[in-house]
Amino acid sequence: MLELLDLGSPRDRNAIDLATSRNRRIPNARRSERAPEALAAAMQFVTESHPSARLRSLTGTYNCIGMAFANRRTCIEPHHVQMILEDDAYTEVTPAGVVPGDLLVYRDRIGAISHVAIVTAHKPDLANARWRTTVISQWGYDGEYFHDHADVNQSLGRPDRFYSERKQRHA
Amino acid sequence: MSPREMMETIEGHQFAAEVNLAAGFDAFHRSIQSHSLFRDLAGLMKDHPAVFKTVLVRLNDLSRKPIRMQYENPYDSAMAAYLMAADGVDPEVAAVAAEAVSKAPNCWWASQVSSGIARAASEASAWDLKLIFGQLDQARTPNVVTQHTAMALSWLQVKLLIYYLQLDLAVYESQYGKIVIPAAILPPPPGPLPPEMENDPVARASTERAREIYALWAARPEGA
């Protein structure tokens, strides 16, 4: 019964039709836009606390998962990400195999999915023996930013694993 | 900082910006709970009835404030925080406040906190289980549940009721066929225990039992 009444359920007028490749419904809900002064304050907070993050778009109508899986149209709770990854045949990619367009999943301290981002650049940083990965993601509901994959607010968790839905990966 | 100053800060853009950096409701909830301003105000509300009353009055005022309808309610995060704090002090009073907040337009987090309080619906104690009934209002977005009736059942009655409901369902299904639950509305399985409860033997046993019940229930073909 709780799911029937839940925000984003099929009975929620604010939800849009959205399904995985296996036709399982993805619960979602659209959020009203925040006032310009609220968004400006949000941008100021993010850019002051993370100076290297570069704003792409300032809106609060979708979250990171809506950005990655619903073309920026709606909000999807993080606990639905696993279903989407399974149904849409995402597979894990090792850091060496990552290409722009792949997905980076973040997890919180108890291991739950807390954030997702799309890779925009992935290059070896030979001097520091690491990969230098730039991603794009919606920070909560506070705007969409290009940023280093590890440079996010603690509320969004820590980068965990890369995934891709690419087909014929070895072709 | 005085309670009044705390509330002014909680109602400001900076607080909203900080707590909106959460991809989902659980993270938002944790973000609020760990925010120093929230903790300070919630502590004062517990210790000083006058502060609790001040916050409730303010919550009621905010829920009635006119807003620019093309935008989200500017007091969304503040109302969510006040409701959560009120729920920590007195859940029954918080349920009344949640009813007021559920009528505030264009809310996001506050709506979810309010629905959560309304849905808590089943208040369990050592003596009984209180069921609170409400009606889904689909004319509002996001949808809200308006509560109207509460009923308390002893645990003996709960056990008997489960038996009789199962019997009624079995009779119905034998007459009209199995009721198929769409996959999209299957309740999720019980989640992991929060770290602070991992060493609590009662919590662990309860979670284990919940998982067993879910496994039995979800494994039935009609639940797939």
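Student: Where in chain A is Asn23(A) found?

Tutor: This is a predicted model, so please read everything here as computed. Asn23(A) sits in the loop that joins α1 (2-5) to α2 (36-49) of chain A.

Student: What is the phi of Asn23(A)?

Tutor: The general idea comes first. Most residues other than glycine have a negative phi. Here, Asn23(A) has a phi near 70°, a positive value in a residue other than glycine.

Student: Is Asn23(A) buried or exposed?

Tutor: A residue counts as exposed when its relative accessible area is over 50%. Asn23(A) has 64%, so it is exposed.

Student: Which loop holds Ala89(A), and what is its phi?

Tutor: Ala89(A) lies between α4 (81-87) and β2 (91-93) of chain A. Its phi is near 60°, again a positive value in a residue other than glycine. With 45% relative accessibility, Ala89(A) counts as partly exposed.

Student: Let's step back to the whole chain. How many helices and strands are in chain A?

Tutor: Chain A has four helices and seven strands.

Student: How does the radius of gyration of chain A agree with a compact globule?

Tutor: The idea is to set the value beside what a compact globule with 171 residues would have, near 16 Å; chain A has 17 Å, which agrees. Along its principal axes, the C-alpha trace spans about 55 × 45 × 30 Å. In chain A, 50% of the 171 residues count as buried. Of its contacts with a separation of 6 or more, 54% are between residues 24 or more positions apart.

Student: How many positive and negative side chains does chain A have?

Tutor: There are 22 positive and 21 negative side chains in chain A, and the centres of the two sets lie 3 Å apart.

Student: Which residues is Leu41(B) in contact with, leaving aside its neighbours within four places in sequence?

Tutor: Its partners include Pro3(B), Met6(B), Met7(B) and Ile10(B), as well as Val51(B), Val55(B) and Tyr82(B).

Definitions and conventions. Residues numbered from 1 in each chain as written. Chains lettered and ligands numbered in written order. Predicted model: local features only at pLDDT ≥ 70, side-chain atom pairs only at ≥ 80, totals over all residues. Heavy atoms only, no water. Helix = DSSP H or I, 4+ residues; strand = E, 2+ residues; numbered from the N terminus. Rg over C-alpha atoms; globule rule 2.2 N^0.38 Å. Buried < 20%, exposed > 50% of the residue type's maximum accessible area, 1.4 Å probe, protein only. Contact = heavy atoms within 4.5 Å. Lys, Arg positive; Asp, Glu negative; His and termini not counted. Charge placed at Lys NZ, Arg CZ, Asp CG, Glu CD.
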